[in-house]
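Trainee: I am new to this structure. Please take me closely through one part, the pairing of strands.

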Amino acid sequence: GVGRIKLAGLTLAEADRYVNTVLGEYYNGSSISLSIGEIRNVKVEIVGEVVAPGSYTLSAFSTLFNALYMAGGINEFGSLREISVYRNGKAVSRIDVYDYIINGNNTGNIRLQDNDLIVVAPYNAIVNIQGKVKRPMKYEMKSGENIDDLIAFAGGFRGDAYTANVNVERRNGREFQVYTVENGEFSSFALIDGDKVEVGTIINRYENRLEIKGAVYRPGFYQLSDKVNTVSELIAVADGLRGD
């Protein structure tokens, strides 16, 4: 006598609460729970730069990442930054895998529906960063992204990195060019396909170190400063001369 209860589009937890609300009007004090007896399948199309493009039949619980896994992943020309899902001719999701890996943003990894189309675009630019960063390797860059973005992808500078400038090696279609980019220009220097960025190391020397040896109580290294900039001040900070 209750009639049909429409549950399409609800999660299992939402459907469970809704059914309890509806049936609770007829069965006071009852305990009602739902379980899924059979999971339907959806058919999706995956095109573009994947290892095995084509049509795939997946569980209705499958997400965009599940579909990409079934297609063998992104091929060597594919983009991890520009993956789109089209539904009824309209883009319903675009995902940047870097945003997911680095920032944990998973909003674009939507659940797929029947007849969805997944398109993996070719990459825009691959840039290689080497030297004193935490994750030196190749990274995919979107149009207009800069050295600051690249260093963030690489995990930032290491503790012994020279941060005042970096060298960028670029091919101009005829020969190589080298750019020395100062720190203040990192956010404005746009990178292009094939660029190589080299982060140097600090110089192996000290800017303000003094050393005292011999017949003092605390021989060793000390800071050159306004308080210690004469021989007598250095002897004093080393706790003075020994009796011998």
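How many bridges join strand E8 (residues 165–171) to strand E10 (residues 196–199), and do the two run parallel or antiparallel?

Mentor: First, the ground rules. This is a predicted model: local features need pLDDT of at least 70, side-chain atom pairs count only at pLDDT 80 or more, and totals for chains, interfaces and linings use all residues. Residues are numbered from 1 along each chain as its sequence is written, and side-chain values use heavy atoms, without hydrogens and water.

Now your pair. Strands E8 and E10 are joined by 3 bridges and run antiparallel. A strand is a DSSP run of E, at least two residues, numbered from the N terminus. Two strands pair if DSSP finds at least two bridges between them. Val168 has Val197 in E10 as its bridge partner.

Step back to the sheet. Its 5 strands lie in the order E7-E6-E10-E8-E9. The sheet is open, and its pairing is mixed. Strand E7 (137–141) and strand E9 (176–182) are at the edges, each with a single partner strand, so one side of each has no neighbour in the sheet. On average, neighbouring strands here are turned by 25° against each other, direction ignored. Axes are lines fitted to C-alpha atoms, with angles between N-to-C directions running from 0 to 180 degrees.

Strands of a sheet pair through backbone hydrogen bonds, either parallel or antiparallel. Strand E5 (residues 117–122) pairs with E1 (residues 41–48) in the parallel sense, over 4 bridges. There, Gly48 has Val120 in E5 as its bridge partner. E5 also pairs with strand E3 (residues 78–87), in the antiparallel sense, over 5 bridges. Leu117 in E5 stands opposite Tyr86.
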